[in-house]
Amino acid sequence: MGLKIQKNNIYGWLASTTNNVVSSVIASALFAILFSKLFEYSDAEFSRKSLCIIIGASFILLSLILFFLIRYFSNKKFIPIKAIVFDFDGTLSKIKRVGITSPWELIWLKLGYKIADCKKLYTKFYDGKITHKRWCRLTYQKFKSKKLTEKHLEEVSKDFELLANVKEVLEQLKERGVRLYLVSGSIMHLIKYIWNDELDYYFDRYEANVFRFKNNELVEIKGTDYDFKGKAVFIKEIFKHLQLKSPKEILFIGNSDNDEYARKSGARTLCLNGALTNPYNKNAWDDTYKTDDFIELMAYIEKKYLIK
Ligand SMILES: [Mg+2]
């Protein structure tokens, strides 16, 4: 597969700074002892001996100052990433069909509706005219009247694909002890089909809208509490659950307007292939990057962030 994750960079070096500084202190101490011994056997005057000790002591002091300075700045600027929270649509996966912007549109189309029908209802919710719960209820009625089945959802899932090398990179992150999470405004059935039912292996926790079926008949669309503002709530829960020191130890990666709220959790946010959002809006995004290949994304993350 040729998967390579770059490990040697300036942040990696900073991470191992403790070792470097400890070696430096020991070297300085040895230097001071050897130098003073050298003068003991020479004709040097006492004052020169004292000077030598002062030089040695200065070396140790300098090393200590460096140690604390580097530690201060590395903690401040290069807080290690201990967890990554991913959005799903447009972040881990993409829709193969041109002109479609959400999985909801695909389901409406599948059932014989028009994209405009989906957009009309969604806009009502988006503009605050109806709640998310109400939007789910009205969507449910539309889907139920067309007898939506799980088979329909399985067919719709074929219009998605994961970005290149997603699983390989997540595997590597897992091996390095990074906790992985998924928080999506998509539909759990679709995510499970697209992910080949391996969600439990890759993610510590995942959230999305849930379609409930009974005897293959849709009985409820249970809206997720973790979309839009809920994305920040989700990240705060992860922060508490992992007992982290700072929310900055969490990196959120998303792509759209519903992800903009994630920043309110205090997590660092990376906009990947931004759509329906301004990736340069600093109130929403700390950073932005474009790629369809997770190996490239990972190389970028390695350069910009310190992975624990
Ligand atoms: Mg998305």
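The exercises below, each with a worked solution, concern a predicted model of a single chain.

**Exercise 1. The chain as a whole**

Determine how many helices and strands the chain has, what percentage of its residues is buried, and which residues of the largest nonpolar core touch the most other members.

Solution. Begin with the secondary structure, where the chain has 12 helices and 9 strands. Next take burial: of the 308 residues in the chain, buried residues make up 32%. Then turn to the contacts with a separation of 6 or more, of which 62% are accounted for by residues 24 or more positions apart. Finally, the largest nonpolar core holds 61 residues, and the members that touch the most others are Val85, Tyr181, Ile235 and Ile250. For Tyr181, once neighbours within four places in sequence are left aside, the contacts are Ala83, Val85, Phe86, Phe203, Asp204, Arg205, Tyr206 and Ile238.

**Exercise 2. Helix H4 against helix H5**

Classify the packing of H4 and H5 from the angle between them, and describe the residues that meet there.

Solution. H4 and helix H5, which spans residues 115-126, pack at an angle of about 130° with their axes 8 Å apart. Angles over 145 degrees would count as roughly antiparallel and those of 65 to 115 as roughly perpendicular, so H4 is oblique to H5. The crossing of these two helices is right-handed. From H4, the residues Trp104, Glu105, Trp108 and Leu109 meet Ile115, Asp117, Cys118 and Tyr122 of H5. The residues of this contact divide into 6 nonpolar, no polar and 2 charged.

**Exercise 3. Helix H4 against helix H7**

Carry out the corresponding analysis for H4 and H7, starting from their angle and the separation of their axes.

Solution. Helix H4 covers residues 103-110 and helix H7 covers residues 150-157; they pack at an angle of about 125°, and their axes are 10 Å apart. H4 and H7 are therefore oblique to each other, and their crossing is right-handed. On the H4 side the contact involves Pro103, Leu106, Ile107 and Lys110, which meet His152, Glu155 and Val156 in H7. Sorting the residues of this contact gives 4 nonpolar, 1 polar and 2 charged.

**Exercise 4. Lys37 in sequence and in space**

Locate Lys37, decide whether Lys37 is buried or exposed, and relate Lys37 to Cys52 in sequence and in space.

Solution. Lys37 has its place in helix H2, which comprises residues 17-40. Because 11 other C-beta atoms lie within 10 Å, Lys37 is exposed. Lys37 and Cys52 are 15 residues apart in sequence, and the C-alpha to C-alpha separation in space is 9.8 Å.

Notes. Residues numbered from 1 in each chain as written. Predicted model: local features only at pLDDT ≥ 70, side-chain atom pairs only at ≥ 80, totals over all residues. Axes fitted to C-alpha atoms, helices over the stretch in contact; angles between N-to-C directions. Helix = DSSP H or I, 4+ residues; strand = E, 2+ residues; numbered from the N terminus. Parallel < 35°, antiparallel > 145°, perpendicular 65-115°, else oblique. Left-handed = near helix turned anticlockwise from the far one by under 90°. Contact = placed C-beta atoms within 7 Å. Nonpolar A, V, L, I, M, F, W, Y, C, P; charged D, E, K, R; others polar. Buried ≥ 20, exposed ≤ 12 C-beta atoms within 10 Å, placed from the backbone. Core = buried A, V, L, I, M, F, W, Y, C linked by C-beta atoms within 7 Å.
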